[in-house]
Amino acid sequence: MTPTTQQNPASAHLPGIAWFTVMSMVSPVALNILMPALPDIAADLNVSTDEVQLSLTLYLLTLAFGQLICGPLADRFGRKPVLLCGIALHFAGCLLGAFADDLQSLLLARVLQAAGGCTGMVLARTIMLDCYSRSQAAGKIGYITLSIALAQAIAPTLGGQLNLLFGWQVLFHFSLLLSSLSWLIVLLIVPETAIKLTTRIRLSTVLQRYQQLVCNRNYIRYSASATLIACGFYLFIGTAPYIVASQMQGTSADFGNWFLIVALGFMAGSYTAARLSANLGIARMIFLGNAVSGCAALSLFAGLLITGLSTTTLSYLLLFLPMAFYTYGRGLSQPNNQSAAIASSDIAPGAASGLLGFMQLITGALVTQVAPLILELGIVWLAATLMMFVAGAIRLSSRR
């Protein structure tokens with residue numbers, strides 16, 4: 001691994017943290033900005049819900065594998081070359097998506113976007129660790145994490161409005177502009193920060209680390225607990241656009257506007273966790289977060305059974321408000337689950353964090369693909385599945 005010290009000479013020429021937040025937002029924006037438009041894309045391309053859902057599933061799958069290989073590539077070839085190539089690949093995906101007129105072109109565009117876009121998310125944090133001490137880097141990475149959360153909050157709202165006004169292709173144009181800006185930032189003002197490059201990528205060493213993590217019982221149970229709660233969120237984003245469009249006769253802008261409170265719930269939960277975790281401890285915070293998510297899922301289930309959905313504002317509140325509390329609970333539990341998982345192993349934190357992210361994205365991709373099938377059973381099954389996810393998370397995190 002590249003050493004992490006304050007003496008890195010590149011740190012003197014490092015631009016402000018705001019430039020790195022732009023790099024880290026490229027992929028989250030591309031992922032989330034298209035969600036409200038999925039029903040319209042299916043209708044425009046004359047494909048089924050399951051087929052267009054692949055655009056989300058393949059993005060998550062590619063992002064998962066990209067996180068595993070991005071770091072080793074940057075250790076071998078340097079941060080800047082990998083960033084430039086990655087963002088250029090993302091640019092190509094945006095360009096292809098902007099002119100896609102069939103499902104195959106759309107899916108290829110999403111794979112290219114994810115494969116290239118993950119470099120900004122991963123390497124923006126890596127560069128901070130290259131140039132600063134751990135305590136200093138933690139503060140810098142906090143801003144990067146916040147920018148990703150903001151992108152996830154704002155992108156669906158923006159995407160819903162742009163799709164309604166100009167059509168879904170313009171969403172790729174927006175991502176194209178953002179990736180172009182990010183590429184120029186890397187080319188012109190970001191220095192190379194890797195002090196010493198590895199001579200070759202040792203796949204056997206990487207696989208051995210991941211094998212040790214998989215065999216660590218505590219690592220797996222905390223990681224699986226966090227993954228199950230995350231799956232509830234992926235299930236929601238895989239079904240809610242179609243619920244709004246078909247059962248509530250809403251538009252992509254309606255979905256985007258209401259989804260904002262769901263994203264803000266996660267941000268509020270993460271902020272609360274940052275303030276309370278040191279005092280309450282990891283175990284209590286995980287229990288509290290899971291309890292909040294469980295109550296939210298139960299309230300959604302009860303509300304759907306009693307009232308159902310229509311086109312009223314009350315129905316939007318019934319669907320989105322419980323999910324805002326669900327994601328608030330996720331914001332409480334996820335950082336603590338991650339900390340507990342990583343602390344339970346003596347494997348490098350980067351590898352432990354990368355595998356945890358890989359697990360969440362792979363499972364999330366599977367959930368988003370089967371989400372339309374769950375919706376066909378009835379909308380109540382959305383809430384019932386959420387409750388099962390929470391129950392599994394509680395059971396895993398409570399084991400000793």
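In which helix does Ser182 lie? Ser182 lies in helix H7, where helices are DSSP runs of H or I with at least four residues, numbered from the N terminus. The structure is a predicted model, in which local features need pLDDT of at least 70 and side-chain atom pairs count only at pLDDT 80 or more, whereas totals for chains, interfaces and linings use all residues. Residues are numbered from 1 along each chain as its sequence is written, and side-chain values use heavy atoms, with hydrogens and water left out.

Ser182 is buried, because its relative accessibility is 0%; buried denotes under 20% relative accessible area, exposed over 50%, and partly exposed the range in between (1.4 Å probe, protein chains only). Apart from neighbours within four places in sequence, Ser182 is in contact with Met23, Val26 and Ile87, contact being defined as heavy atoms within 4.5 Å. Trp183 also lies in helix H7, but with a relative accessible area of 31% it is partly exposed.

Trp183 belongs to a nonpolar surface patch that also includes Trp19, Leu184, Leu187, Leu188 and Ile189, with about 550 Å² of accessible area together. Patches consist of residues with over 30% relative accessible area and no salt bridge, like charges being joined within 9 Å and nonpolar side chains (Val, Leu, Ile, Met, Phe, Trp, Tyr) within 5 Å. A salt bridge is a side-chain nitrogen of Lys or Arg within 4 Å of a carboxyl oxygen of Asp or Glu. Helix H7 (residues 169-189) gives the most to this patch, with five residues.

Ala42 is placed in helix H2 (residues 38-45) and counts as buried because its relative accessibility is 9%. Residues up to four places away in sequence excluded, Ala42 touches Val47, Ser48 and Val52. The C-alpha atoms of Ala42 and Gln169 are separated by 13 Å, although these residues are 127 apart along the chain.

Helix H9 (residues 217-247) comprises 31 residues and reaches 43 Å from its first C-alpha to its last, close to the 45 Å expected at 1.5 Å a residue; the expected span is 1.5 Å times one less than the number of residues. Of the 31 residues in H9, 24 are buried, and the helix is thus mostly covered. A kink of about 35° lies at Thr239, shortly before Pro241, the bend being the angle between axes fitted to the seven residues ending at a residue and the seven starting there.

Helix H10 (residues 252-280) has 29 residues and should span 42 Å at 1.5 Å a residue, which agrees with the 40 Å between its end C-alpha atoms. H10 contains a kink of about 40°, centred on Ala274. Gly281, with a positive phi near 90°, follows H10.

Technical notes: Helices (H or I, at least four residues) and strands (E, at least two) are DSSP runs, numbered from the N terminus. Accessible areas come from the Shrake-Rupley method with a 1.4 Å probe; for residues, only the protein chains shown count as cover.
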